[in-house]
Amino acid sequence: MATTFTWSYDSLERDVSKDGLADVVITSYWRITGVDGDHSATTYGSAGIAAPDPDDFTAFADVTQAQVKAWTLAALADLDITEATLEAGLQSQIDLL
């Protein structure tokens, strides 16, 4: 059976006002879970979100999961962490079960 990886966001931290913008997402508290049959593994963390581009800004109330995932992965990339490395780590844990 193939492992399915699912991202979720336990919460988002926002700044009421930042750089002239209102309701700016500044931190994501993320979780990725891998499930393969009866076995699963989870890892989680937080990522500081880069300052938004005022010309392409989305306020907190209108943010989508896809946007948060992209912002989170961009922040993790600065730490040399990729979606592939996270999934590989989870897969290794599942393989040991």
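1. W7 stands opposite I32, a residue of β2. Strands here are DSSP runs of E with at least two residues, and helices are runs of H or I with at least four residues, both numbered from the N terminus. This is a predicted model: local features need pLDDT of at least 70, side-chain atom pairs count only at pLDDT 80 or more, and totals for chains, interfaces and linings use all residues. Residues are numbered from 1 along each chain as its sequence is written, and side-chain values use heavy atoms, with hydrogens and water left out.

2. The sheet is open. It has 3 strands in the order β1-β2-β3, with antiparallel pairing. Two strands count as paired if DSSP finds at least two bridges between them. β1 (4-18) and β3 (39-48) are the edge strands, and each pairs on one side only. On average, neighbouring strands are turned by 15 degrees against each other, direction ignored. Axes are lines fitted to C-alpha atoms, for helices over the stretch in contact; angles run from 0 to 180 degrees between N-to-C directions.

3. Now the strand pairs. β1 and β2 are antiparallel and share 13 bridges. Their hairpin has 2 residues between the strands, and D19 takes a positive phi near 50 degrees there.

4. β2 (residues 21-36) and β3 are also antiparallel, over 10 bridges. T27 has G48 of β3 as its bridge partner. D36 has H39 of β3 as its bridge partner. This hairpin, too, has 2 residues between the strands, and G37 takes a positive phi near 65 degrees.

5. Helix α1 (residues 65-77) packs on it and touches β1, β2 and β3; the direction of α1 makes about 85 degrees with that of β1. Helix α2 (residues 83-96) lies across β1, β2 and β3, at about 35 degrees to β2. Contact means heavy atoms within 4.5 Å.

6. Which residues of α1 are buried? They are V68, T72, L73, A75 and L76. Buried means under 20% relative accessible area, with a 1.4 Å probe and protein chains only. These residues lie on the same side of α1, because they cover an arc of only 160 degrees around the axis. The arc is taken from the directions from the helix axis to the C-beta atoms. The buried residues of α1 pack against β1, β2, β3 and α2.

Note on methods: Buried means under 20% relative accessible area, exposed over 50%, partly exposed in between (1.4 Å probe, protein chains only).
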